[in-house]
Amino acid sequence: MSYYPGRINEHFLNPRNVGEVRAEAKAVIGEAGSLACGAILRLSLEIDAERQSIADAKFKAVGCGYLVASASVLTETIKDVAVSKAAQLSESAIMDWFEEWPTERAHCAALCHEALLAALANYHQAAREEWAGDEALICTCFGVSEKRIEQAVRERSLQTVAEVTRACHAGGGCQSCHPLIVDILEDYWRTVEAESAGAES
Amino acid sequence: MRETVYLDNNATTRVAPEVRDAMLPYLSELYGNPSSAHTFGREMRRSVEHAREQVAQLLHAADTSELVFTSCGSESDNWAIRGVLERRPDKRHVVTTRVEHEAVRNLCERLEQSGYEVTWLDVDEEGLLNVEELRAALRPDTAVVSVMLANNETGVLFPIEEIGKVVREHSEAIFHVDGVQAVGKIPIDLRGSEVDLFALSGHKFHAPKGVGALYVRAGLDLAPFLIGGGQERGRRAGTEAVPYIVALGAACELAGSFNGQEQIRRLRDKLEDAILAKIPNARLNGARDRRLRLPNTANISFEYVEGEAVLAHLDEAGVSVSTGSACNAESHVSSAVLRAMNVPYTAAQGSIRFSLGRYNTEREIDYVLSLLPDIIGRLAEMSPHEIKK
């Protein structure tokens with residue numbers, strides 16, 4: 001009988017994605033630790049800015065087999081996944097994947113989720129800080145400016161927030177900018193209407 | 001075939017075949033009650049008394065009647081301390097150390113909660129006790145001093161001969177020694193000592209679980225713990241667990257005639273030396289002077305890795321050890337013993353206790369040494385900490 005239950009033991013003994021993302025990539029780091037249990041987890045993500053998706057995910061950890069196994073599966077799960085989708089991963093998703101996760105070790109899996117959210121927060125923070133443009137930044141999660149949203153709306157005649165998100169990622173994260181995007185859409189279409197009315201008269 | 005290597009002999013030991021053979025008849029045809037007057041009973045009485053002699057002999061007790069059988073080491077420790085306190089209601093002070101086994105430590109914490117005053121003696125970074133501090137802690141109202149002989153986690157030995165003299169000279173306190181982890185591993189000689197009470201447990205040296213004994217110096221007035229019939233000369237009620245008592249006696253005789261202690265010591269030294277030499281983040285917990293430790297124990301921390309992970313990897317390879325780091329939802333209970341020794345958190349977390357016994361072989365030690373550097377290396381590589389090579 002193995003020390004940990006089946007799949008947990010398998011990932012503990014052969015953890016996937018141990019290490020750091022490639023040196024050339026601008027690593028996005030997310031760390032989480034627990035004073036109560038002494039575990040530390042360091043996630044390192046490579047994010048493809050064009051596609052706004054996680055190109056690679058690696059981890060390093062000091063902790064029990066539950067932590068190692070959940071980090072192993074988390075990194076497998078979020079690879080090639082859109083940043084906005086990764087942010088929506090539920091806290092229990094990793095535990096659910098294993099099917100036989102003991103409740104007294106829920107904090108180990110929770111630590112993984114915490115590290116993921118920390119990494120994504122760091123990514124968004126960095127995007128905001130790097131923002132050097134003059135025009136207003138609307139979507140801080142993905143660093144999308146007002147100008148870029150307007151351009152997308154104009155070029156593709158976008159009507160809804162969902163269409164804007166699909167076109168340029170704006171609004172795909174925390175969603176706090178949705179009212180602003182609605183304003184941009186309304187402004188654009190009001191202008192279009194006014195212009196066409198002017199052309200008719 | 002999967003190799004199995006048992007290196008957790010401080011937790012418990014395998015019942016020796018000699019011990020099992022000695023107790024087996026008492027699980028079948030020899031079933032009398034030692035208190036019965038008939039032949040069946042008298043035969044049992046003789047067996048119990050023979051076992052008592054065997055135990056007394058191993059401890060070098062002055063008199064066989066100084067030994068009382070109990071159910072385990074914890075019972076012996078609890079009885080010793082509570083039995084003294086009950087007889088000395090005017091004395092409300094207890095002296096003990098921060099590194100005692102839970103049987104003493106948790107009992108003393110309870111005593112503290114119920115109004116006793118407890119002096120907790122510190123140990124240094126090697127786990128050693130300062131006898132001068134102990135002397136200074138003694139007071140006219142000190143009822144009992146309770147100190148272990150050998151530490152279960154680190155194997156560090158306390159100088160009970162010297163402590164006994166200090167207690168006797170500077171106080172009226174009764175001196176209790178938790179000898180559970182020492183009996184069967186090092187020679188014990190109570191005859192010339194100042195030890196008043198001495199606890200031992202059978203399963204730590206190849207008797208089955210469920211039997212222990214308490215040495216009570218002749219003439220010491222100890223209140224009984226279990227009240228009932230007049231068994232054990234009125235000191236501990238309850239029909240004697242004859243098969244287990246016979247087994248304990250046999251285990252004591254076996255330990256007394258054992259001449260492999262030097263081999264155990266040699267294997268422990270080999271294991272310890274090789275680990276400390278081969279593994280960069282390994283550090284010893286406990287006295288560096290091995291004469292101040294049990295010959296079978298090596299407690300080693302692997303810095304920046306989690307003990308449970310090391311344990312699980314070794315377990316996967318068939319090797320049984322224990323860790324001082326117990327991880328659960330409520331708390332990460334790092335060992336109170338290592339905390340008392342000021343072992344840094346990052347090291348205490350990765351502490352592994354290797355405790356050898358009479359059945360371990362050189363081949364087994366070589367097997368463990370062939371696995372360990374790789375296991376620790378992989379875990380260290382996974383660690384986000386920078387580890388100096």
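Guide: A residue counts as buried if 20 or more other C-beta atoms lie within 10 Å of its own, exposed if 12 or fewer, and partly exposed in between, with C-beta atoms placed from the backbone. This is a predicted model: local features need pLDDT of at least 70 and side-chain atom pairs pLDDT 80 or more, while totals for chains, interfaces and linings use all residues. Residues are numbered from 1 along each chain as its sequence is written, and chains are lettered from A and ligands numbered from 1 in the order of writing.

Take strand β10 of chain B, residues 297–302. Strands here are DSSP runs of E with at least two residues, helices are runs of H or I with at least four, and both are numbered from the N terminus. Six of the six residues of β10(B) are buried. In a regular strand the side chains alternate between the two faces of the sheet. One face of β10(B) carries Thr297(B), Asn299(B) and Ser301(B). The other carries Ala298(B), Ile300(B) and Phe302(B). Both faces are covered.

Now the neighbours. Strands pair if DSSP finds at least two bridges between them. Strand β9 of chain B, residues 282–285, runs antiparallel to β10(B), and four bridges join them. Arg283(B) has Ser301(B) as its bridge partner. β10(B) also pairs with strand β15 of chain B, residues 351–355. That pairing is antiparallel too, over five bridges. There, Thr297(B) is partnered by Ser355(B).

Touching means contact: C-beta atoms, placed from the backbone, within 7 Å.

α8(B) spans residues 261–278 and includes Leu267(B). Leu267(B) is buried, because 23 other C-beta atoms lie within 10 Å. Leaving out residues up to four places away in sequence, Leu267(B) touches Leu356(B), Asn360(B), Glu362(B) and Ile365(B). Pro280(B) is 13 residues from Leu267(B) along the chain, and their C-alpha atoms are 21 Å apart.

Next, the partner chain. In all, 19 residues of chain B are in contact with 21 residues of chain A. Helix α9 of chain B, residues 307–316, gives the most to the chain B side, with five residues. That side holds nine nonpolar, six polar and four charged residues. Ala, Val, Leu, Ile, Met, Phe, Trp, Tyr, Cys and Pro count as nonpolar, Asp, Glu, Lys and Arg as charged, and the others, Gly among them, as polar.

α9(B) has eight of its ten residues buried, so it is largely enclosed by the rest of the structure. The buried residues are Gly307(B), Glu308(B), Ala309(B), Val310(B), Leu311(B), Ala312(B), His313(B) and Leu314(B). Gly318(B) follows the helix, with a positive phi near 90 degrees.

Step back to the whole chain. Chain B has twelve helices and 15 strands. Its radius of gyration is 22 Å, close to the 21 Å of the globule rule for 389 residues, so chain B is as compact as a globular protein of that length. The radius is taken over C-alpha atoms, and the rule is 2.2 Å times the number of residues to the power 0.38. Along the principal axes, the C-alpha atoms of chain B fill a box of roughly 70 × 55 × 40 Å. Of the 389 residues, 52% count as buried. Among contacts in chain B between residues at least 6 apart in sequence, 74% join residues at least 24 apart.

Terms used: Two residues are in contact if their C-beta atoms, placed from the backbone, lie within 7 Å.
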